[in-house]
Amino acid sequence: QVQLVESGGGLVQAGGSLRLSCAVSGRTFSSYAMAWFRQAPGKEREFVAAINWSGTTYYSDSVKGRLTISRFNAKNTVYLQMNSLKPEDTAVYYCAGRLGFLKIGSNEYTYWGQGTQVTVSS
């Protein structure tokens, strides 16, 4: 059984920063591509960022330059450093994993966390 647990969400004013963490159980973590998605009420789940086992990253244009995904394989943890936050970033953020190369479609990922709320005020 693989479990993903997100943490680090909260309320922050526009321009502020947060760091989300995703702790993953399982000995195969280093072989997984990991990603962050987000979902606002009434909207489809949206791709944010992803990282391969090798460290290669890919970002949505809407967050490029502001959000950074990274991973620390020795701790089975993936991070999302969020800087210069905007109200449009408000959403529930989900950590996801898949065995293989990174993808941008939510239906490509097998494992999901429960989500953590990020709220950015004006």
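Trainee: Of the contacts in the chain with a separation of 6 or more, how many come from residues 24 or more positions apart?
Mentor: Residues 24 or more positions apart account for 58% of them. Keep in mind as we talk that this is a predicted model.

Trainee: Good to know. What are the elements, then, and how many helices and strands does the chain have?
Mentor: There are zero helices and eleven strands. Reading from the N terminus, the order is β-β-β-β-β-β-β-β-β-β-β. The radius of gyration is 13 Å, close to the 14 Å that the globule rule gives for 122 residues, so the chain is as compact as a globular protein of that length.

Trainee: What box do the C-alpha atoms fill?
Mentor: Taken along the principal axes, the box is roughly 40 × 30 × 25 Å.

Trainee: And what share of the residues is buried?
Mentor: Buried residues are 42% of the 122 in the chain. As for the surface, the chain exposes about 6,400 Å², and carbon and sulfur atoms supply 47% of that area.

Trainee: Let's switch to charges. How many positive and negative side chains are there?
Mentor: The chain carries 12 positive and 7 negative side chains. The centres of the two sets lie 9 Å apart.

Trainee: Why would such side chains pair up at all?
Mentor: Opposite charges on side chains can pair when the charged atoms come close. In this structure there are four salt bridges.

Trainee: Which residue does Asp89 bridge to with N and O atoms 2.9 Å apart?
Mentor: That partner is Arg38, and 2.9 Å is the distance between the closest N and O atoms. The pair links distant parts of the chain, 51 residues apart: Arg38 sits in strand 4 (residues 32-39), while Asp89 is in the loop between strand 8 (77-82) and strand 9 (91-99).

Trainee: Is Asp89 buried or exposed?
Mentor: Asp89 is buried, because its relative accessible area is 1%, below the 20% cut-off. Arg38 is buried as well, with a relative accessible area of 6%.

Trainee: What about Arg66, which residue does it pair with?
Mentor: Arg66 forms a salt bridge with Asp89, and the closest N and O atoms are 2.8 Å apart. Arg66 lies in the loop between strand 6 (57-59) and strand 7 (67-72), and Asp89 in the loop between strand 8 and strand 9, so this pair ties together parts 23 residues apart in sequence. Both Arg66 and Asp89 are buried.

Trainee: Which residues end up in one network there?
Mentor: Arg38, Glu46, Arg66 and Asp89 are joined by salt bridges that share partners.

Trainee: New topic: where is Arg27?
Mentor: Arg27 is in the loop between strand 3 (18-24) and strand 4. Its relative accessible area is 82%, over the 50% cut-off, so Arg27 counts as exposed.

Trainee: How far apart are Arg27 and Asn76?
Mentor: They are 49 residues apart in sequence, and their C-alpha atoms are 8.5 Å apart in space. For Gly115 and Asn76 the values are 39 residues in sequence and 17 Å in space, again C-alpha to C-alpha.

Trainee: Since you mention Gly115, where is it and what does it touch?
Mentor: Gly115 is in the loop between strand 10 (111-112) and strand 11 (116-121). Leaving out residues up to four places away in sequence, Gly115 touches Glu6, Val92, Tyr93 and Tyr94. Gly115 counts as partly exposed because its relative accessibility is 25%.

Technical notes: Residues are numbered from 1 along each chain as its sequence is written. This is a predicted model: local features need pLDDT of at least 70, side-chain atom pairs count only at pLDDT 80 or more; totals for chains, interfaces and linings use all residues. Side-chain values use heavy atoms; hydrogens and water are left out. Helices (H or I, at least four residues) and strands (E, at least two) are DSSP runs, numbered from the N terminus. Buried means under 20% relative accessible area, exposed over 50%, partly exposed in between (1.4 Å probe, protein chains only). Contact means heavy atoms within 4.5 Å. The radius of gyration is taken over C-alpha atoms; the globule rule is 2.2 Å times the number of residues to the power 0.38. Accessible areas come from the Shrake-Rupley method with a 1.4 Å probe; for residues, only the protein chains shown count as cover. Lys and Arg count as positive and Asp and Glu as negative; His and the chain ends are not counted. The place of a charge is taken as NZ of Lys, CZ of Arg, CG of Asp or CD of Glu. A salt bridge is a side-chain nitrogen of Lys or Arg within 4 Å of a carboxyl oxygen of Asp or Glu.
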